[in-house]
Amino acid sequence: DWEMQDVLEEEIKVTKRMVGPDEHVICALSGGVDSTVAATLVHKAIGDRLHCIFVDTGLLRYKERERVMSTFQSDLHLPVICIDASDQFLSKLKGVKDPECKRKIIGREFISIFDDFAQELEKKLGKKPTFLVQGTLYPDVIESCPPPGSGKTHSHTIKSHHNVGGLPEDMKLKLIEPLKCLFKDEVRKLGGILNVPESFLKRHPFPGPGLAVRVLGDVTEGNALEILRQVDEIFIQSIKEAGLYDSIWQAFAVFLPVQSVGVQGDHRTHSHVVVLRAITSEDGMTADWYYFDHKFLVDVVRKICNNVRGVNRVCQDITSKPPATVEWE
Ligand code: XMP
């Protein structure tokens with residue numbers, strides 16, 4: 001793609017010009033496409049004066065930390081450190097049931113970890129990092145400042161969105177936003193040129209607060225997170241095996257804080273209920289639920305109930321957005 005090749009060369013040039021020869025740049029990688037492509041581009045421009053951090057919040061999916069770290073390190077050779085902050089996040093979230101409180105706590109912890117990272121780095125380098133890379137896209141630019149008189153409000157008022165890219169305001173860092181003129185499909189093309197693996201570029205969106213918005217209520221209760229990870233993995237693998245992954249905008253499982261009565265062999269069980277949600281969408285602003293065929297659903301429910309201890313009932317969410325949102329919290 002010649003056009004994207006030009007964009008790439010231009011953005012590398014701009015980045016080189018912007019960042020002085022002994023200045024340092026930091027970046028929070030979320031594991032998503034945008035921050036990964038942005039960081040890879042900046043790395044091409046300034047090399048290891050880029051310093052990336054990936055935070056394991058304890059709210060990631062099955063083997064997600066290993067999988068994304070392997071892409072960052074083995075495929076992309078990004079200078080990245082992984083901070084395991086699961087205990088910190090989960091202890092702050094203990095007992096918290098309100099969805100907005102959960103989102104705020106997660107946002108706050110992120111900033112605090114990122115602050116620590118920047119300070120550590122300053123000690124190591126003997127100087128402050130001066131730039132922050134963000135994977136802001138063109139639609140984000142329009143969304144956060146709707147044209148005057150458009151009648152549009154800020155799109156993030158329904159839920160306080162937390163985005164790993166959208167970090168600190170008071171750190172006085174200058175921003176590098178190499179993707180801010182691009183749409184998502186263009187970012188994917190750019191990522192292809194930068195050798196970001198195809199499977200990574202096609203991953204479904206994943207919310208910043210992670211599984212916290214998919215375990216309803218207190219995320220630390222019982223082994224909710226572990227059960228959710230297993231159910232989600234079976235669901236996603238089944239979707240991939242059926243060749244449906246690329247036709248679906250987003251698919252995931254949700255853990256409900258209720259138990260239902262079931263029967264296994266000749267035993268009564270009293271176990272958890274999980275929900276499967278799959279949607280199609282253009283941009284996440286509106287969505288339709290995805291219609292799986294009967295056999296697919298029969299197989300996936302059987303796999304879940306046979307393999308995941310503690311689940312005896314599987315439901316499917318067949319609500320569009322609106323009136324529902326994509327995520328349950
Ligand atoms: P909702 O649930 O608001 O989700 O209909 C719309 C899209 O946004 C994703 N989402 C988030 N993404 N930080 C993010 O980066 C967040 O806090 C967040 N909350 C929701 C959601 O997965 C869907 O794609």
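Two strands are taken to pair if DSSP finds at least two bridges between them, and the helices (H or I, at least four residues) and strands (E, at least two) named below are DSSP runs, numbered from the N terminus. This is a predicted model, in which local features need pLDDT of at least 70 and side-chain atom pairs count only at pLDDT 80 or more, while totals for chains, interfaces and linings use all residues. Residues are numbered from 1 along each chain as its sequence is written.

View 1. Five strands form an open sheet in the order β3-β2-β1-β4-β5, and the pairing is parallel. The edge strands, each pairing on one side only, are β3 (80–84) and β5 (174–176). From one strand to the next the twist averages 30 degrees, where axes are lines fitted to C-alpha atoms, for helices over the stretch in contact, and angles run from 0 to 180 degrees between N-to-C directions.

**View 2. Strands β1 and β2 with their partners.** Five bridges join β1 to β2, and the two run parallel; the bridge partner of alanine 28 is isoleucine 53 in β2. Strand β2 (residues 50–56) is also joined to β3 by five bridges, again in parallel, and cysteine 52 stands opposite valine 80 in β3. Helix α5 (residues 99–125) packs on the sheet, touching β1 (25–29), β2 and β3, and its direction makes about 145 degrees with that of β2; contact here requires C-beta atoms, placed from the backbone, to lie within 7 Å.

**View 3. The enclosed strand β1.** Because five of the five residues of β1 are buried, this strand is largely enclosed by the rest of the structure. A residue is buried if 20 or more other C-beta atoms lie within 10 Å of its own, exposed if 12 or fewer, and partly exposed in between, with C-beta atoms placed from the backbone. Val25, Cys27 and Leu29 point one way from β1, whereas Ile26 and Ala28 point the other way, and all are buried.

**View 4. Leucine 60 in its loop.** Leucine 60 lies in the loop between β2 and α3 (64–75), and it counts as buried because it has 21 C-beta neighbours inside 10 Å. Not counting residues up to four places away in sequence, leucine 60 touches Arg65 and Gly210. Its C-alpha atom is separated by 9.9 Å from that of glycine 31, which is 29 residues apart from it along the chain.

Note on methods
Contact = placed C-beta atoms within 7 Å.
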